[in-house]
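Here's a quick briefing on one protein model, put together for someone who likes cut-offs spelled out. Have a look at the structure first, then work through the notes below.

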Amino acid sequence: MQMSPTIGVLTKALSAAQGEFEPIGKDKTGKVRSDKASYDYKYADLATCLESTRKALAKHGVAVLQPVRTEGARAIVTTIVACEGEWISEETSVNAADASPQKVGSAITYARRYGFLAMVGAAPEMEDDDGASASRDDGPRQSRGGYSDPSAEMRAEEDRRRAAAKQSPAPPA
């Protein structure tokens, strides 16, 4: 992460904005189909995430910039800027399954959504839904954009460890 020499004003403004964020509802439905299993899941798209946070950010003088870095490895550079000039910035890798415009566009949108939410400290409601879908043992997850979701794979592994721990006998007292 990179930042300006001071971020006190930005931190105060971002904290105030976070207290006014509207709930981010999972209003879209995705479908996963594979040989092993098929299921639907709910998610919040980028537009919903922006709509739920933009007014509060603007009210407190906070702007978010997300240009695409195209030199070297493709990435979204999410920068949060306070009106006074303080800023913080972080990159999110853009990993598309292939170079087709549709796959690259989907990967960019995905990276923007997750980079934005992480930088402003927001998350969609009902986050547990993600854990439920991640715990299914139906192989690596692929999104519609053709890139894998490593966070879903990590959540699935953690769910498997918890389930195994519950089945293990307790140590003698």
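Let's start at one spot in a strand pair: Gly30 stands opposite Tyr41 in S3. Before going further, note that this is a predicted model, where local features need pLDDT of at least 70, side-chain atom pairs count only at pLDDT 80 or more, and totals for chains, interfaces and linings use all residues. Residues are numbered from 1 along each chain as its sequence is written, and side-chain values use heavy atoms, with hydrogens and water left out.

**Hairpin**

- Strand S2 (residues 28-33) pairs with strand S3 (residues 38-43) in the antiparallel sense, over six bridges; for strands to count as paired, DSSP has to find at least two bridges between them.
- The two strands S2 and S3 make a hairpin, with four residues between them.

**Overall layout**

- The protein has five helices and seven strands, taken as DSSP runs numbered from the N terminus (helices are H or I with at least four residues, strands are E with at least two).
- Reading from the N terminus, the order of elements is β-α-β-β-α-β-β-β-β-α-α-α.
- Of the 173 residues in the protein, 35% are buried; buried means under 20% relative accessible area, exposed means over 50%, and partly exposed is in between (1.4 Å probe, protein chains only).
- Take the contacts between residues at least 6 apart in sequence: 53% of them join residues at least 24 apart, where contact means heavy atoms within 4.5 Å.

**Nonpolar cores**

- The largest nonpolar core has 21 residues, and the members touching the most others are Phe21, Leu57, Ile80, Phe116 and Val120; such a core is a set of buried Ala, Val, Leu, Ile, Met, Phe, Trp, Tyr and Cys residues joined through side-chain atoms within 4.5 Å.
- At least two residues of this core come from each of helix H1 (8-18), helix H2 (46-59), strand S6 (75-82) and helix H3 (101-120).
- H2 gives the most to this core, at five residues.
- There's also a second, separate core of six residues, with Val94, Val104, Ala107 and Ile108 among them.
- What does Val120 contact, neighbours within four places in sequence aside? The list is Leu14, Gln18, Phe21, Leu57, Val64 and Ile80.

**Cysteines**

- How many disulfides does the structure hold? The count is zero, using a cut-off of 2.5 Å between a pair of cysteine sulfur atoms.
- Cys49 counts as buried because its relative accessibility is 0%.
- Cys83 comes out at 65% relative accessible area, so Cys83 is exposed.

**Aromatic pairs**

- Searching the whole structure turns up two aromatic pairs; rings of Phe, Tyr and Trp (its six-membered ring) pair if their centres lie within 6.5 Å, with planes under 30 degrees apart counted as stacked, over 60 as edge-to-face and the rest as tilted.
- Tyr41 and Tyr43 have ring centres 5.9 Å apart and planes at 40°, so this pair is tilted.
- Tyr41 counts as partly exposed, at 27% relative accessibility.
- Tyr110 and Tyr114 make a tilted pair, at 4.7 Å centre to centre and 40° between the planes.
- Both Tyr110 and Tyr114 sit in helix H3, four residues apart, which is about one turn of the helix.
- Tyr110 is buried at 16% relative accessible area, while Tyr114 is partly exposed at 37%.

**Salt bridges**

- The count is five salt bridges, each with a side-chain nitrogen of Lys or Arg within 4 Å of a carboxyl oxygen of Asp or Glu.
- Glu20 and Lys59 meet through their side chains at 3.2 Å, N to O.
- Since Glu20 is in the loop between H1 and S2 and Lys59 is in helix H2, the pair ties together parts 39 residues apart in sequence.
- Glu20 is partly exposed at 35% relative accessible area, whereas Lys59 is exposed at 59%.
- Asp40 bridges to Arg33, with the closest N and O atoms 3.1 Å apart, and Asp40 is partly exposed at 40% relative accessibility.
- Arg69 and Glu91 form a salt bridge with their closest N and O atoms 2.5 Å apart.
- Arg69 lies in strand S5 (residues 68-69) and Glu91 in strand S7 (residues 87-93), so this pair ties together parts that are 22 residues apart in sequence.
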